[in-house]
Amino acid sequence: MVLILLGPPGAGKGTQAVALADELDLVQISTGDILREAVRSGSELGKKANSYLEQGLLVPDPIMLDLIEEELKLHAPDTGVILDGFPRTLAQAEGLTGLLARLGMNVDAVVSIEIDDATLVKRLSARRSCPQCGAVYNLVTNPPSTDSTCDRCGHHLIQRDDDHVDTVRERLRVYHTQTEPVVDYYRERSLLKEVDGTGTPQEVWERIVKILSKQDNG
Ligand code: AMP
């Protein structure tokens, strides 16, 4: 199974992808996490991607398509996958269709989490992440039990550089111009399930489960 999770930055893709991967026994492929890890480790990929991430811009399509091909070949033959943060441009969506066809697979469903920009700016500026284990918190809606310390591993929490307000606005602009056409691409192919992204992560999760179970029952 190939499931895609779309949505603007801050819509809660990462949180929902972790829960869905767990529930449906899928491997989560988060391109943002892979790129951040590459930057941290100083790998070739990290060197190429670093300045794009810093500015909130998209990493070029050929780099992303190579990355996703490698990930799919690694995981998809054995288990289903959930793509979190990919595709983000029409060229990536078309490249993915071709790549999956070559692997004898196809996209089963695309969940798009919908939410307005003002809510996202508020959410992202309250977001804190654990650089050690990748856990994500929100100081307002999902705070850690001890201030600025990760509940899972005890590491000091940070604010991602690209969660600062100017970069957030740039990421939203990029989403509207480059990623919204991807939503239309899947709508035209009758694969799109739109979910209201307001409310708590639990509320959004329940909407996603409901819409996906409708698909299972035809
Ligand atoms: P995310 O954590 O998904 O918001 O991704 C963080 C950053 O990684 C983005 O702002 C981009 O710079 C880069 N990135 C992640 N996924 C992609 C993608 N599919 N295409 C291009 N750039 C990406």
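Analyst: Begin with accessibility: a residue is buried under 20% relative accessible area, exposed over 50% and partly exposed in between, with a 1.4 Å probe and protein chains only. Ser 190, with a relative accessible area of 65%, is therefore exposed. This is a predicted model, in which local features need pLDDT of at least 70, side-chain atom pairs count only at pLDDT 80 or more, and totals for chains, interfaces and linings use all residues. Residues are numbered from 1 along each chain as its sequence is written, and side-chain values use heavy atoms, with hydrogens and water left out.

User: Where is Ser 190 found, and what is its phi?

Analyst: Most residues other than glycine have a negative phi, and most peptide bonds are trans. Ser 190 is not a glycine, yet its phi is positive, near 55 degrees. Ser 190 sits in the loop between H7 and strand E7 (192–196). Such labels come from DSSP runs numbered from the N terminus: helices are H or I with at least four residues, and strands are E with at least two.

User: What is the phi of Asp 25, and is Asp 25 buried or exposed?

Analyst: Asp 25 has a positive phi of about 60 degrees, although it is not a glycine. Its place is the loop between helix H1 (13–24) and strand E2 (27–30). Asp 25 counts as exposed because its relative accessibility is 63%.

User: Which residues does a cis peptide bond join?

Analyst: Phe 86 and Pro 87 are joined by a cis peptide bond, with omega about 0 degrees. Pro 87 belongs to the loop between strand E3 (81–84) and helix H5 (90–102).

User: Now helices. Which residues of H6 are buried?

Analyst: An α-helix has 3.6 residues a turn, so residues three or four places apart point the same way. In H6 the buried residues are Leu 120, Val 121 and Leu 124. Seen down the axis of H6, they fall within an arc of 100 degrees (taken from the directions from the helix axis to the C-beta atoms), so they line one face of the helix. Ala 118 and Lys 122 are exposed residues on the face of H6 turned away from its buried side.

User: What do the buried residues of H6 pack against?

Analyst: They pack against strand E5 (127–129) and H7. Contact means heavy atoms within 4.5 Å.

User: At what angle do H6 and H7 pack?

Analyst: Axes are lines fitted to C-alpha atoms, for helices over the stretch in contact, and angles run from 0 to 180 degrees between N-to-C directions. Helix H6 (residues 117–125) and helix H7 (residues 165–188) pack at about 140 degrees, their axes 10 Å apart. That makes H6 oblique to H7; angles under 35 degrees count as roughly parallel, over 145 as roughly antiparallel, 65 to 115 as roughly perpendicular and the rest as oblique. On the H6 side the contact is made by Asp 117, Leu 120, Val 121 and Leu 124, and on the H7 side by Val 165, Val 168, Arg 169, Arg 171, Leu 172 and His 176.

User: Is Arg 127 buried or exposed, and where does Arg 127 lie?

Analyst: Arg 127 lies in strand E5. Its relative accessible area is 16%, so Arg 127 is buried. Leaving aside neighbours within four places in sequence, its contacts include Asp 163 and Arg 171.
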